[in-house]
Amino acid sequence: DHISYRNHLWDILGRCANLAEAKNRDIVPFFLDNFMQTEYIEIRKLADDSEMEEAHKSVIQTTVKSLLSHLNLFSKFADLKSLHRSQELKDLVHSLLCHKLSSVQKVSLDILVGYKLKYLSPYKENLGRLLEDRDFKAELLNFPLGGDDTQIKKEHRADLLPVILRLLYGRMRAVKAGGRKKGGKGTVNARRGLILQHMMELSEQEMLIFFELVFKDLFTGSNLVEGENVAEYILRGGECPAKTTKQLQACIEMMQVIMSKLGQLLNNNLNYLVSVIIWMGYIVNNLPYTDTVRSVRNNLYSLLATFYTKYSDFKWEETSIEATLSVFVWKLLPKFETDFIHSSSGLLQVLLAWSKDRKYHFFFQRTSISVGNSRILEKTCKVLENPSTNPKVIMTILTVIHNLVHEDEASMEVD
């Protein structure tokens with residue numbers, strides 16, 4: 001077929017790389033424009049659509065082979081800095097370090113090393129071992145990112161860490177690293193935990209580089225300007241990008257692992273994590289309602305409830321509070337007494353988290369025009385009047401009321 005034949009031609013070019021390099025002004029546009037900006041993007045769109053994916057499965061499966069055929073040629077060039085559109089190629093392979101397949105990461109790293117960067121060359125063997133399954137765990141232990149034992153020189157740190165964090169993020173994304181038998185969910189979670197534990201030596205500013213790598217795709221497709229306040233953007237009704245439930249669920253799971261493994265080390269970055277949680281809620285609210293969307297939404301409410309419980313000392317900005325209520329509360333509360341009587345998941349989990357800490361009790365007094373200026377607690381308690389309400393829902397609401405009364409009585413005794 002056409003694609004396999006084309007890939008074979010690129011492989012042949014790799015056998016005479018010196019001649020291909022001499023013709024780089026022709027070859028580079030073939031890769032950057034014809035392949036990456038056209039074919040690669042279109043095939044990825046097909047892969048993101050479950051119906052189209054099944055119909056075009058054979059084409060989609062060729063994407064990685066095609067990408068590797070192109071990249072392998074550039075890894076054999078002798079003078080990458082002198083190439084036509086050299087900086088574009090460098091930026092591209094830098095982004096491909098995040099790829100979930102180690103084969104793509106390896107050749108991308110080879111190309112980056114080929115640029116003979118002073119901050120990268122001394123560590124190329126260490127980075128290479130991070131991409132080998134058999135050496136991965138040992139190299140994590142032998143190559144600390146911070147502390148007194150780190151091998152990273154101070155003058156290299158600012159440029160090298162983004163490279164390392166991209167490689168580690170790619171390793172975290174790898175679902176079947178080490179083969180199908182070794183790529184189960186337990187193995188993936190263990191690898192994620194190991195990587196995040198390895199990042200404990202980083203400063204919060206360095207951790208933020210990693211967090212932005214993990215969640216940046218959530219913001220593509222919006223009109224959000226870099227540095228703009230996410231909560232303010234949501235409150236003014238900024239354009240919401242379309243994302244898949246699969247992508248949202250992956251980000252929720254990643255946030256759960258981050259809060260679990262790095263939770264006690266986070267302080268300044270909590271504002272960023274809050275903005276991501278609110279943003280995911282904003283996206284979910286704009287998706288057509290399905291059972292899958294409901295499941296993702298409930299998981300998101302559970303994540304928000306965990307944040308309230310885990311970071312009770314976090315100082316919420318008023319705009320973040322308003323955006324949170326707009327996304328997670330006012331949207332659902334008008335129909336709460338009729339549509340949310342069967343399960344104690346979702347919004348009730350957030351209310352339960354609020355009730356457990358006196359600091360959050362003021363939320364229950366908030367009102368909105370969308371609910372006829374009724375208070376949150378008043379609107380929620382109307383569920384108790386419905387004879388069809390599930391006993392678990394009733395018990396959860398009674399627990400919320402008990403917590404509110406108990407906390408208030410306890411504070412009166414202290415006073």
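These notebook entries record what I looked up in a predicted model of one protein chain.

**Entry 1. Ground rules**

I noted that residues are numbered from 1 along each chain as its sequence is written, and that side-chain values use heavy atoms, with hydrogens and water left out. Because the model is predicted, local features need pLDDT of at least 70 and side-chain atom pairs count only at pLDDT 80 or more, while totals for chains, interfaces and linings use all residues.

**Entry 2. The whole chain**

I began with the secondary structure and found 22 helices and zero strands. Helices (H or I, at least four residues) and strands (E, at least two) are DSSP runs, numbered from the N terminus. I then looked up the extent of the chain: its C-alpha atoms fill a box of roughly 80 × 55 × 45 Å along the principal axes.

Of the 415 residues, 47% count as buried. Here buried means under 20% relative accessible area, exposed means over 50%, and partly exposed lies in between (1.4 Å probe, protein chains only). The chain exposes about 21500 Å², and carbon and sulfur atoms supply 50% of that area. Accessible areas come from the Shrake-Rupley method with a 1.4 Å probe; for residues, only the protein chains shown count as cover.

I also looked up contacts, meaning heavy atoms within 4.5 Å. Among contacts with a separation of 6 or more, 71% join residues 24 or more positions apart.

**Entry 3. Glu204**

Is Glu204 buried or exposed? I found Glu204 in helix 13, which covers residues 204–215. Glu204 counts as buried because its relative accessibility is 16%.

Which residues does Glu204 touch, not counting those up to four places away in sequence? They are Leu265, Leu266, Asn267, Asn268 and Asn269.

I next examined His156, which lies in helix 11 (residues 154–173). His156 has a relative accessible area of 13% and is therefore buried. Leaving aside neighbours within four places in sequence, I found His156 in contact with Lys118, Tyr119, Pro122 and Tyr123.

Glu155 is also placed in helix 11. Glu155 counts as exposed because its relative accessibility is 57%. I looked up one distance for Glu155: its C-alpha atom is 39 Å from that of Pro241, which is 86 residues away along the chain.

**Entry 4. Helix 16**

How many residues of helix 16 are buried? I found that 14 of its 16 residues are buried, and the helix is mostly covered. Helix 16 comprises residues 270–285 and reaches 23 Å from its first C-alpha to its last, close to the expected 22 Å. The expected span is 1.5 Å times one less than the number of residues.

**Entry 5. Two positive phi values**

I looked up Arg85, whose phi is near 60°, a positive value in a residue other than glycine. Arg85 lies in the loop between helix 6 (63–74) and helix 7 (86–96). With a relative accessible area of 23%, Arg85 is partly exposed.

Lys116 has phi near 55°, a positive value in a residue other than glycine. I located Lys116 in the loop between helix 8 (102–114) and helix 9 (124–130). Lys116 has a relative accessible area of 53%, so it is exposed.
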